[in-house]
There are 2 protein chains.
Amino acid sequence: MLIQPPKGFRDFLPEKSLQRNFLIEKLKTLFERFGFDPLETPTLEYAEVLLGKYGEEADKLIYIFEDRGGRKLGLRYDQTVPLARVVSQYQNLPKPFKRYQIQSVFRAENPQKGRFREFIQADIDIVGEESLLAEAEIIAVSLKIFKELGFKKTKIFINDRKNFENLDKKVISAIDKLEKVGEEKVIEEIVKIKAISCDEAKAILNQIKNKKPNETILKLFSLLKTYDLKEEEDFAFKPTLARGLDYYTGIIFEAVDDNYKGGSLGGGGRYDNLIGIFLENSIPACGFAFGFDRLLEAGNELNLFPKKSTSTKVLVTIFSKDFIEKSIKVATVLREKNINTELFLNPEKKLDKQLKYADKKGIPYVLILGEEEVKKNVVKLKDLKTGKQQEVALEQLIKILQL
Amino acid sequence: MLIQPPKGFRDFLPEKSLQRNFLIEKLKTLFERFGFDPLETPTLEYAEVLLGKYGEEADKLIYIFEDRGGRKLGLRYDQTVPLARVVSQYQNLPKPFKRYQIQSVFRAENPQKGRFREFIQADIDIVGEESLLAEAEIIAVSLKIFKELGFKKTKIFINDRKNFENLDKKVISAIDKLEKVGEEKVIEEIVKIKAISCDEAKAILNQIKNKKPNETILKLFSLLKTYDLKEEEDFAFKPTLARGLDYYTGIIFEAVDDNYKGGSLGGGGRYDNLIGIFLENSIPACGFAFGFDRLLEAGNELNLFPKKSTSTKVLVTIFSKDFIEKSIKVATVLREKNINTELFLNPEKKLDKQLKYADKKGIPYVLILGEEEVKKNVVKLKDLKTGKQQEVALEQLIKILQL
C-alpha cells in the first residue's frame with residue numbers, strides 16, 4: 001500500500017502551510033492595493049480549451065482524461081489560457097480587466113529538484129489596455145511586493161521583444177540562456193542553428209549585446225521613475241533578455257535578486273495575441289507571474305519569512321480533572337482577546353507530558369492553573385524558549401501574550 | 001468551440017471571489033484562534049488511496065484516470081482520507097494533531113441546484129484524542145465561527161450514534177430524513193425495510209424520538225456550558241439526528257440556523273475507525289465540516305457578507321497626457337497609505353469615459369487632478385454613490401479614503 005502522495009506531488013504540513021498562507025496573504029493584499037481583483041477558474045477545463053494553445057511540446061505535459069460521460073477534460077496547465085476563456089465568455093467585464101489569480105497548476109513532467117507536478121502560480125494581468133502605463137503598473141506592483149517581502153536587492157531587467165525582430169526563434173532562445181551557460185556555449189549553438197562561422201555567430205550575439213534601449217523602453221523608464229523607482233537599482237535594460245515563451249509581443253521583464261542565486265523570482269511582459277484566441281480578435285494584455293515556490297525558497301534562504309511550526313501562541317494545560325472548568329474559562333478569555341490558544345484535551349495526562357507536547361509542537365508559551373494559582377487568583381506562565389516561568393494576573397497575562 | 005467551464009464547474013469573477021476570500025480568511029483566523037493549524041494535501045492521490053474507503057456508491061463518484069506512466073490517480077474526493085494518509089505517513093506528528101484544511105474536492109456526480117463537481121470543503125479535525133473535550137472544542141469553535149460571521153440563530157444539534165446501536169443501517173438513514181420528508185414517509189419506509197406493520201414502525205420511531213440524552217451527552221453538555229454556551233439557544237439534544245455517513249462512532253452534531261431554510265450549515269462528530277485505515281490501527285478522531293457554498297449562500301441571504309464587485313477604493317483618473325506624472329504620484333502616495341488604488345491607464349480617454357469605467361467596476365471614489373486642482377494644490381474627489389464632489393487637500397483625502 002502506497003501511503004504517500006503521487007510522485008511530484010506534495011503535502012504541506014503546518015509549518016510549510018503557514019508559510020504558504022503568509023505569502024499568499026501578502027500577495028493578495030498588495031495586488032489589491034494596486035487595483036487588481038481576484039479571479040478563480042476551475043481545476044478542470046474542457047480539453048479542447050487547453051490543447052493546441054501552448055504548443056505541441058506543452059500539450060504532452062497537460063493532464064488529459066475522459067470522464068464517465070466521455071467528455072475530455074484537462075487539469076489547469078497555467079492561468080493564462082483560462083483567463084483568455086473567461087475574457088471571451090464574459091465579454092461584459094469592464095476593461096481593462098485587472099485580475100490576480102493564485103491557484104494550483106499541473107504539469108505531467110518528470111519531477112526534478114524544484115520542479116513539481118502541482119504547484120501554485122501567482123499571476124497578475126491587465127487585459128484590454130495597450131498603453132505603456134500597463135507595463136509600468138505591473139512592474140511597480142511587482143517591485144513593491146519584493147520590497148514588502150523584505151527582498152533588498154531585487155531588480156527587474158527589461159527588454160523589448162521587438163529587439164529580436166529579425167532573428168530566428170531558435171537563436172533567440174539560445175541567447176536567452178546566455179547567463180546560464182555562458183557566451184561560448186551560446187555562440188556554439190548559434191553556429192549550429194544557422195550553420196555559420198564562429199565569427200558570424202559572435203557578430204550576431206554582439207549586435208544584440210550592444211543594442212541600446214529603444215524609444216518604448218525609454219518611455220517606460222521615464223514612467224517608472226515617476227513611481228520613485230530608480231534605474232539600475234530597481235530596474236535596468238538588458239538587451240539579451242528574451243524570456244522563453246513565444247507569446248510575448250513587446251516589453252518583457254524578469255525579476256532577479258542579487259542575494260539569491262537560485263534563478264529569477266518571476267517575470268512577464270506584453271502579449272497582445274493570446275487573450276483573444278477564443279474570439280479570434282486581438283486583445284492587448286500585459287502580465288507578471290511570480291514563481292511561488294521560488295519566492296518561498298528565496299525568502300527562506302534569506303530568512304525573510306516567519307518559520308513557525310504552529311500559529312498557536314499558548315497551550316492552556318489541565319492540572320487535573322478538578323481544574324478542567326478553570327482551564328476552559330481561561331482559554332475562552334484568551335481567545336476572546338484574539339490570542340491563538342490551544343487547550344490541552346486530556347486531563348488524565350500528567351503535566352510534564354502536556355509540557356512536552358507543547359514543546360514538540362513548537363508552542364511558545366504554556367499556562368498552568370493548579371490549586372495554588374487558583375487560590376491566589378493568578379496563572380503560571382512558562383516561556384518554553386527561555387524556560388522562565390512567572391506568576392501573573394489574568395490582565396497581565398493577556399498583555400504578555402498579545403505582544 | 002466551448003468557451004465555458006465544464007458542466008458542474010464554476011468560474012468565480014471578482015465579486016464572488018472576494019466573498020470566498022472573505023469567508024476563507026474568517027475561517028482560518030478562527031480555526032487558528034482555537035489552536036488548529038493548516039494542512040494541505042495534493043489535488044491528486046494514488047487511486048488505491050481513495051478507492052474502497054468511502055463505500056461502493058462513492059467509488060463511482062471519484063474522478064479516476066491513468067497518467068502517461070500508467071499510474072492510476074484520483075482527484076481529491078474529501079479531506080478525511082487524505083488526512084488519514086498523512087497521519088499514517090508522518091507518524092511523528094505531535095498528537096493530538098489538530099488541523100484545518102480548506103481545499104477543493106471533486107465529485108463526478110450529476111450537477112444539480114447547489115451541487116457542483118468541484119467545491120470547497122472547510123474541515124477541522126482532532127486526531128489522536130478520545131477525550132470528550134475534543135468534541136467540546138470542536139463544537140465551541142464552530143459556534144464561535146457562526147457568531148463571528150453574524151449568524152444569530154445557529155444551533156448545534158447533538159446526538160450519540162450509540163443511540164442507534166441495535167438498529168438497521170437502512171432504518172437509521174430513514175429516520176435521518178425525518179425533517180426533510182415528514183413522519184409519515186419515514187414510517188412508510190421503515191415498514192418497507194423491516195417488512196413490519198405500521199404500528200410496529202411507529203413504535204420504533206417513537207422509541208428513538210423519546211430517547212433521553214445519555215451520560216456521554218450529558219457530560220458534553222456540562223462541558224459546553226463552561227464555554228459560556230447555552231443549552232437550547234446554542235446547542236440541543238436531538239434523538240433523531242443520525243448524520244448520513246457510516247463512519248461515525250460516537251457523538252454526532254449538525255449546525256442549523258433558524259433564519260435560513262436551505263439546510264444544515266455543517267456537521268461532524270466522532271469517528272474512531274477511519275483515520276487508522278492505512279495503519280490497520282484504531283486512531284480516535286473527531287471533526288467538523290463546514291458547508292462552504294452553503295455558508296456563502298446563507299450569509300448572502302441574510303446579508304452578512306460584504307458585496308463588493310471590487311476591492312478598489314478609488315480610481316485616480318488621468319486628466320490629460322500632461323498630468324500623467326501628477327496622477328502616478330498621488331496614486332503612489334495613496335498606496336503607501338494602504339488605500340486600494342487603481343490608476344486609470346489610458347490618458348487618451350476622456351474623463352467621462354474614465355468615470356463610467358469606475359462606475360461600471362463599482363469603485364466607490366474617483367479622483368480628478370486637472371490644471372486647476374494642481375494650481376490650488378488640491379484634488380477633486382467624487383463619491384460615485386452620492387454624486388457629490390469636493391476639493392480636498394492630500395491629507396484630508398487620505399483620511400476620507402482610509403475610513
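## A two-chain predicted model, from sheet to loops

A:Ala393 sits in the loop that links β16 (389-392) to α15 (394-402) of chain A; helices here are DSSP runs of H or I with at least four residues, strands are runs of E with at least two, and both are numbered from the N terminus. A:Ala393 counts as exposed because it has 12 C-beta neighbours inside 10 Å. The scale behind that word is simple: 20 or more other C-beta atoms within 10 Å of a residue's own means buried, 12 or fewer means exposed, and anything in between is partly exposed, with C-beta atoms placed from the backbone. From A:Ala393 to A:Lys380 is 8.8 Å, C-alpha to C-alpha, and the two are 13 residues apart in sequence.

A word on what you're looking at: this is a predicted model, where local features need pLDDT of at least 70 and side-chain atom pairs count only at pLDDT 80 or more, while totals for chains, interfaces and linings use all residues. Residues are numbered from 1 along each chain as its sequence is written, and chains are lettered from A and ligands numbered from 1 in the order in which they are written.

**Domains of chain A**

Chain A is assigned a domain 1 (14-41 + 76-301) and a domain 2 (314-402), with bounds that come from an automatic or database domain assignment. Taken over C-alpha atoms, the centres of domain 1 and domain 2 of chain A are 49 Å apart.

**The sheet in chain A**

Chain A has an open sheet of 8 strands, ordered β1-β5-β6-β11-β10-β9-β7-β8, with mixed pairing; two strands pair if DSSP finds at least two bridges between them. At the edges stand β1 (37-38) and β8 (235-237) of chain A, each with a single partner strand, so one side of each has no neighbour in the sheet.

| Strand pair | Bridges | Facing residues |
|---|---|---|
| β6(A) and β11(A) | 7 bridges | A:Asp123 and A:Ala289 |
| β10(A) and β11(A) | 5 bridges | A:Arg270 and A:Cys286 |
| β9(A) and β10(A) | 4 bridges | A:Phe253 and A:Gly268 |
| β7(A) and β9(A) | 7 bridges | A:Ile158 and A:Phe253 |

A:Ala289 also has A:Gly267 as a bridge partner. How covered is strand β10 (residues 266-270) of chain A? Mostly: 5 of its 5 residues are buried. As for β11(A), 6 of its 7 residues are buried, so the rest of the structure largely encloses this strand.

Helices lie on this sheet too. α1(A) lies across β5 (97-106), β6 and β11 of chain A, and runs at about 160° to β5(A); axes are lines fitted to C-alpha atoms, for helices over the stretch in contact, and angles run from 0 to 180 degrees between N-to-C directions. Helix α10 (residues 215-226) of chain A also packs on the sheet, touching β7, β8 and β9 of chain A, with its direction at about 150° to that of β7(A).

**Where the chains meet**

How many residues of chain A are in contact with chain B? There are 75, and they meet 75 residues of chain B; contact means that the C-beta atoms, placed from the backbone, lie within 7 Å. On the chain A side, helix α1 (residues 14-33) gives the most, with 6 residues. That side divides into 33 nonpolar, 19 polar and 23 charged residues. Nonpolar covers Ala, Val, Leu, Ile, Met, Phe, Trp, Tyr, Cys and Pro, charged covers Asp, Glu, Lys and Arg, and the others, Gly among them, are polar.

**Nonpolar cores**

A nonpolar core is a set of buried Ala, Val, Leu, Ile, Met, Phe, Trp, Tyr and Cys residues joined through C-beta atoms within 7 Å. The largest one has 108 residues, and A:Val314, A:Leu367 and B:Ile139 touch the most other members. Helix α5 (residues 133-149) of chain B supplies the largest share of this core, 11 residues. A second, separate core of 107 residues includes A:Leu30, A:Phe34, A:Ala84 and A:Leu274. Leaving aside residues up to four places away in sequence, A:Leu367 touches A:Val314, A:Leu315, A:Val316, A:Thr317, A:Val330, A:Val379 and A:Leu381.

**A loop residue in chain B**

B:Leu304 is in the loop between α11 (292-301) and β12 (314-316) of chain B. With 15 other C-beta atoms within 10 Å, B:Leu304 is partly exposed. B:Leu149 is 155 residues away along the chain, yet its C-alpha atom is 6.9 Å from that of B:Leu304.

Notes
Contact = placed C-beta atoms within 7 Å.
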